[in-house]
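I opened the model today to see how its chains meet. My notes follow, in the order I looked things up.

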Amino acid sequence: MARFLLYRIFQAFFVIIAVTLIVSFAIRLTGDPALMLSQGAGSVTEEDLANIREALGLNQPFLAQYMDFLKGLLVGDLGKSFMGGISVTELVARALPATLALAFTSLIVSIVISIPLGIKAATSRGRWPDQVIRILSLVGLSFPNFWLAIMLVLLFSITMSWLPPSGMEGFESFIMPAATMGIILTATNVRLVRTTMLETLNAQFVMVARAKGLSENVVLYKHALRNCSIPLITYFGLQFGGLLGGIVVIERVFNWPGLGTLAFDAVAARDYPVLQGVITVLSLLIISINLIVDIAYGLVDPRMRKG
Amino acid sequence: MTTQSLSGNNQFQKFKNLEFILGALLLGSISLAVLFSSWLFPDGGTQINLAMRLTAPMTELAYPLGTDPLGRDILARVIIGSEISLKVGIYSSLGAVAVGIIMGLISGYYGGFIDALVMRFADVQLALPFILLAITFIAVIGGGLTNMIILLVISQWVQYARLVRGSVLALKDREFILSAKAIGVKDIRILFQHLLPNLIGPVIVLVTLNVANNILLESSLTFLGLGVDPTIPSWGGMLAEGRTYLQTAWWVSVFPGLAILLTVLGLNLLGDWLRDTLDPTGKTSV
């Protein structure tokens, strides 16, 4: 177990270094931030530019700058925005809760839909309910998430005027964004639940539970589902990365005040420190969740401890 | 258990056939539309007709799906827009599969440095969703068709490499490979003539699903203004335009999205059908 832990932590550490390095390198490709910063500032002398570079630490070699960024990261300092010098950490901290709230509601929506559907598909394997669910899942997989969001807005905000088309205010504003991501996630989750359930239903304890005369719902939802929960939680946890990626896009449609909106505003304003901060925080989040899920799985199921 | 699957067998076969027919029908009609698009719409869907701007569908014979804010024919633009999506989807998947097969064969057969590289790359890829990588790089180096395809190849070759690597590891100690080695067949021939044909099934399934996925990614990026040039008709670009007019002209946002949905669905249906045919052990299943 100690070896497995060490290996996984080393691996996560490597990924963090690789991801931050890639992102820092990409941001470096932009050219001279000093020029961008001084744009529209009227007459800019070479001396002004040199001062800005000095202040931002831009006259140091790339690796030194990268080490500075890493040092800052360790103490939670992601640098300063080009726009007004606001701390990036503060901007990210303000936007992160909105994104996380949406991620968790979407995950819950998807779990609530996919568990009964997946179980139904597994128990009617090969017969029509299974096939209908399979087709639905394929259709769900084929939806561009942003278009599904636009269609929901068209239907429920513009045609019916039931729900607010954008923003994050109150419970109602969560419905459409969470439904969009929830539906897209459900398309994959249904198949995961079905596959896991099929394996469990062959187990002897299910036969015993049925032989005892327990009702089918108790057998499925209490005995079988509980035994599926460990692999399922792992799958759901590992989806977090994809979920966050999808939410970044969806936020654009709903003007959701989260990290995606922050990132796109940063792209439009060429505010690269903010973009770097957002991507770094999102990747750190995904890496830690993957790590936690893996370690938790290793703790409960020793077979998973092999690298 | 056995009785259940036996009774379901016939019905399952019918379902599989239906999947194939639906998928082939969808993709067939899209291919036809692409083939004849330049003949049907010689102006490339770019002709502006401000007098007819935002015409609703089914009201004018010349514009069966209506017109956009500049009075351009939506039907023409949807059909011509398929070209961008298919180009990005197909080229990026082919590029990724070519790199992935070579890296996977080497990594599985020889191990060593390439193997370590593939596995570490896979770790990074799992932690960084493509859309974030794309936003970062495209914000910096700019969008466009070529950049998008290159980014997709860079971020996706590794899934093929892993799939191929796994199959090579399972196959390389089998008798037919050992005997080929024993009679002195060259490595390159073992890799491409003996190993590759035995592991290509799941790879083909993955390519089909990958094209579908990349079409979705391309349209997202273009919708966000990070993809292809907005002056070229593309589904994502049309949807970005349509958003502003959602209140008054629903059709501008409905038809391009429907086109994406049907194309991707066609590919997913065929991929699912192929999976049962080419990948019975389920290496590519979710």
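Predicted model: local features only at pLDDT ≥ 70, side-chain atom pairs only at ≥ 80, totals over all residues.

Which residues of H7(A) are buried? I found Asn145(A), Phe146(A), Trp147(A), Leu148(A), Ala149(A), Ile150(A), Leu152(A) and Val153(A) on the buried list.

Next I checked what they pack against. Within chain A, the buried residues of H7(A) sit against H8 and H11. From chain B, they meet helix H7 (187-223), helix H8 (235-243) and helix H9 (251-278).

Then I looked at the geometry of H7(A). I noted a kink of about 25° centred on Val153(A), which is also one of the buried residues. I checked the length too: at 1.5 Å a residue, the 15 residues of H7(A) should span 21 Å, and the end C-alpha atoms are 20 Å apart, so the two agree. Just past the helix, I saw that Ser161(A) has a positive phi of about 50°.

On to the interface. I get 48 residues of chain A in contact with 44 of chain B. Helices giving two or more residues to the chain A side include H6 (128-142), H7 (145-159) and H13 (272-300). H1(A) gives the most, with 8 residues. By type, I have 32 nonpolar, 12 polar and 4 charged residues on that side.

Last, the wider layout. Chain A splits into domain 1 (31-77) and domain 2 (96-306), and I have their C-alpha centres 40 Å apart. For chain B, the unreviewed UniProt entry annotates residues 82-271 as "domain: ABC transmembrane type-1". I found that span to be 84% helix and 0% strand, with its end C-alpha atoms 19 Å apart.

Key
Residues numbered from 1 in each chain as written. Chains lettered and ligands numbered in written order. Domains from an automatic or database assignment. UniProt positions renumbered as here; feature names shortened; annotations may be inferred. Helix = DSSP H or I, 4+ residues; strand = E, 2+ residues; numbered from the N terminus. Contact = placed C-beta atoms within 7 Å. Nonpolar A, V, L, I, M, F, W, Y, C, P; charged D, E, K, R; others polar. Expected span 1.5 Å × (residues − 1). Bend = angle between axes of the 7 residues up to and from the residue. Buried ≥ 20, exposed ≤ 12 C-beta atoms within 10 Å, placed from the backbone.
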